[in-house]
Amino acid sequence: MFYEPSNGHGLPHDPFKAIVSPRPIGWISTMNGRGEVNLAPYSFFNAICNNPLLVLFSSDGEKDSVSFARERPEFVANLVGRELAEKMNRSSVNAPRGVSEFGYSGLTPAPSRLVAPPRVAEAPAALECRVTEILEPKGLDGGHAGVFVVVGEVVGVHIDEAFLTPEGLFDAVKAGNVSRLGYMDYSTIDATFAMRRPRWED
Ligand SMILES: Cc1cc2nc3c(=O)[nH]c(=O)nc-3n(C[C@H](O)[C@H](O)[C@H](O)COP(=O)(O)O)c2cc1C
């Protein structure tokens, strides 16, 4: 089949997010100017380069994570391990502004080293970030798409050493990195395979 999204897909549910999957989940903690803490999952999240280390998350409308990151331009992107999936989902509740999703979800805020927002103590890894820009992408019609993309540079990295192999590799299978698919679906990492990039000289 082929469809033009502007004309509809004709399927029972929009397949777009199932096609662009899996998407890692950035479990974003932020703090506003009054010191109130916010935590919410974002699957429009990814790393975009590693020198410098830049990550981004995209909010459909200006949600609290964006307005908090505007007020205090820092965030922590916490990794969702398999054991944390249900608590991550719980933290996506539309809690009133100022109510911390840490307490609501039964999670422990741990102090960050270099930024004010706390990290999720239970997370297998966490990236402390400082905001570099907040973008307002446009659609083809030139109008604001209604999403806000928060870009941040990673200034500190926490790793729970329980997830480091004896060789010092981060064990994504053991951590069970949870990612978002389409519909109500999620995935975790059960197996990996390795490939070496070809070099023309070989
Ligand atoms: C797994 C998962 C991924 C999500 N990804 C996004 C996303 O990429 N963008 C978005 O705007 N909302 C996303 N949401 C919904 C937000 O988490 C939800 O609206 C939340 O209440 C926003 O919180 P905030 O206003 O405190 O930032 C996601 C929810 C879940 C459960």
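1. First, some housekeeping. This is a predicted model, in which local features need pLDDT of at least 70 and side-chain atom pairs count only at pLDDT 80 or more, while totals for chains, interfaces and linings use all residues. Residues are numbered from 1 along each chain as its sequence is written, and side-chain values use heavy atoms, with hydrogens and water left out.

2. Now for arginine 23. Buried means under 20% relative accessible area, exposed means over 50%, and partly exposed is in between (1.4 Å probe, protein chains only).

3. What does the side chain of arginine 23 reach at 2.9 Å? That would be the backbone oxygen of lysine 17. The backbone oxygen of leucine 181 lies 3.5 Å from a polar atom of the arginine 23 side chain. If you leave aside neighbours within four places in sequence, arginine 23 is in contact (heavy atoms within 4.5 Å) with Lys17, Ser43, Phe44, Ser179, Arg180 and Leu181.

4. Arginine 23 sits in strand S1, residues 23–24. Helices (H or I, at least four residues) and strands (E, at least two) are DSSP runs, numbered from the N terminus. S1 belongs to an open sheet of three strands, ordered S1-S11-S12, with antiparallel pairing. S1 and strand S12 (186–187) are at the edges with a single partner strand each, so one side of each has no neighbour in the sheet. Two strands pair if DSSP finds at least two bridges between them. Strand S11 (residues 179–180) and S12 are joined by two bridges, and serine 179 has serine 187 as its bridge partner in S12.

5. On to the cysteines. The structure holds zero disulfides, a disulfide being a pair of cysteine sulfur atoms within 2.5 Å. Cysteine 129 counts as buried because its relative accessibility is 0%, whereas cysteine 49, at 31%, counts as partly exposed.

6. Strands S4 (residues 45–50) and S5 (residues 53–60) run antiparallel and are joined by five bridges. The hairpin gets from S4 to S5 through two residues.

7. Is helix H2 largely enclosed or largely open? Helix H2 (residues 64–71) is largely enclosed by the rest of the structure, because six of its eight residues are buried. Those buried in H2 are Asp64, Ser65, Val66, Ser67, Phe68 and Ala69. The buried residues of H2 pack against several strands, including S5, strand S9 (125–135) and strand S10 (147–159).

8. Last stop: isoleucine 159, found in strand S10. Isoleucine 159 is partly exposed, at 39% relative accessible area. Not counting residues up to four places away in sequence, isoleucine 159 touches Pro124, Ala125, Leu164 and Phe170. Isoleucine 159 and phenylalanine 170 are 11 residues apart in sequence, and their C-alpha atoms are 8.2 Å apart.

Conventions. Polar contact = N/O pair within 3.5 Å; in protein donor to acceptor, adjacent residues only side chain to side chain.
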